[in-house]
Amino acid sequence: MSIFSKTTFLFLNKLTLFSLFILILAGGVVRSTGSGMGCPDWPKCFDRYIPPTSIDQLPVNYQQVYKDRGYENTTFNVNKTWTEYINRLIGAITGLFIFATLVSSFQFLKSKPFIFYLVLASFLLVGFQAWLGGKVVESNLHALMITAHMFVALIILGILLYTYIISVHSNFHIKKYHFSTSVSLVLSLCFLFTIIQVALGTQVREAVDQISKMMNFADRGTWVELAGAPFFIHRSLSILVLTLNVILFVKTRAVLMHSSFLTLLLRLNISLILLQIISGVVLSYLDLPPAFQAIHLFLATLLFSVQLCMVFLFFNKMKPESNFVLQS
């Protein structure tokens, strides 16, 4: 199988997408377990390419060394160190996958140059993301830097989702549906409010991070309520998001009579929203269990991806294979 075949490109694109999802999940685990400074330097970890497994492998004065570098209270914790190190490894592997996808995309340079340039943009963003990761460590995990790091990952994910969707459009046997204006409007609102919810969720997380530090990580059950307006708006908007997506599901019910990739996306969309609400309730009422913090972020990423795919498919401009009208 030649690397310059469409089949190889699709495989590499899909492999990269899978790796990105794993990377975002790993990032959520790092943040929820407080492992971000498990490696207090970049790109090495405790000045080693392979981090230590025991404090005996570190200099006796390692805490003073890192204090002199501007990192107060650096304490070696093998679990946190390896959690962060594995996250970095997944990031490096993802970068290699994107590079391979870029090389394979050269085949489209003449026929569909926009595919090549989109993959090139994602590859350049990965380089920027690596640099930003170093800045996150240098900032001692500043909340705004962590949020920027996450949003860049979502942009990369969105670009590669688009290149994958437009490359396999015919393989999914997706027809060109003529949706009513109201259906398109509802889908647009669904996606808009999902982005707003993601943004609000990051604000809540930033506030919780600051509150936890101010309270010396005590009274965990009070952190969410102390986050203030962003939390209450985020919680209240979840009802609107669910309502809008139920309306979308009902308005597109005719599609469900046909077996298609779009059908799967519509069902996944509703399922993910329900799971997201459940995980949010668990976080609010069970004192922010770390596992559910990572799950909540990962579900948000999946929801964003599913809705982005629907936007690509609903508003695609490809020549229709057949027509099917959905009434409002």
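Mentor: Of the 328 residues in the protein, 47% are buried, where buried means under 20% relative accessible area, exposed means over 50%, and partly exposed covers the range in between, with a 1.4 Å probe and protein chains only. This is a predicted model, in which local features need pLDDT of at least 70 and side-chain atom pairs count only at pLDDT 80 or more, while totals for chains, interfaces and linings use all residues. Residues are numbered from 1 along each chain as its sequence is written, and side-chain values use heavy atoms, with hydrogens and water left out.

For the part you asked about, the test is a pair of cysteine sulfur atoms within 2.5 Å. By that rule the count is one disulfide. The bond runs between Cys-39 and Cys-45, with an S to S distance of 2.0 Å. In general terms, a disulfide is a covalent bond between the sulfur atoms of two cysteines. The angle about the S-S bond is -80°, and the link of Cys-39 and Cys-45 is left-handed. Both ends are covered: Cys-39 is buried at a relative accessible area of 0%, and Cys-45 is buried at 1%. Cys-190 is buried as well, with a relative accessible area of 1%, and Cys-309 is buried at 6%.

The peptide bond from Trp-42 to Pro-43 is cis, with omega near 0°. Pro-43 belongs to the loop between α1 (6-32) and α2 (62-68). These labels count helices (H or I, at least four residues) and strands (E, at least two) as DSSP runs, numbered from the N terminus. Asp-47 lies in the loop between α1 and α2. The phi of Asp-47 is positive, about 60°, although Asp-47 is not a glycine. At 43% relative accessibility, Asp-47 counts as partly exposed.

Another positive phi belongs to Leu-288, near 55°, again in a residue other than glycine. Leu-288 sits in the loop between α9 and α10 (290-314). In terms of accessibility, Leu-288 is buried, at 6%.

Contact here means heavy atoms within 4.5 Å. Among contacts between residues at least 6 apart in sequence, 77% join residues at least 24 apart.

Now the helix packing. Helix α3 (residues 78-104) packs with helix α4 (residues 113-138) at an angle of about 160°, their axes being 9 Å apart. That angle makes α3 roughly antiparallel to α4. The axes are lines fitted to C-alpha atoms, for helices over the stretch in contact, and angles run from 0 to 180 degrees between N-to-C directions. Angles under 35 degrees count as roughly parallel, over 145 as roughly antiparallel, 65 to 115 as roughly perpendicular and the rest as oblique. The α3 and α4 crossing is left-handed, a term used if the near helix is turned anticlockwise from the far one by less than a right angle, with right-handed for clockwise. From α3, the contact includes Arg-88, Gly-95 and Phe-99, and from α4 it includes Phe-116, Leu-120 and Val-137. By class, this contact of α3 with α4 has nine nonpolar, three polar and one charged residues. Ala, Val, Leu, Ile, Met, Phe, Trp, Tyr, Cys and Pro count as nonpolar, Asp, Glu, Lys and Arg as charged, and the others, Gly among them, as polar.

Helix α4 also holds Gln-129. Gln-129 is buried, with a relative accessible area of 12%. Leaving out residues up to four places away in sequence, Gln-129 touches His-149, Val-152, Ala-153 and Ile-156.

Helix α8 (residues 229-251) and helix α9 (residues 261-285) also pack at about 160°, with their axes 10 Å apart. These two helices, α8 and α9, are therefore roughly antiparallel to each other. The crossing of α8 and α9 is left-handed. In α8 the contact residues include Phe-231, Arg-235 and Phe-249, and they meet a set in α9 that includes Leu-266, Arg-267 and Tyr-285. By class, the contact of α8 with α9 comprises twelve nonpolar, four polar and two charged residues.
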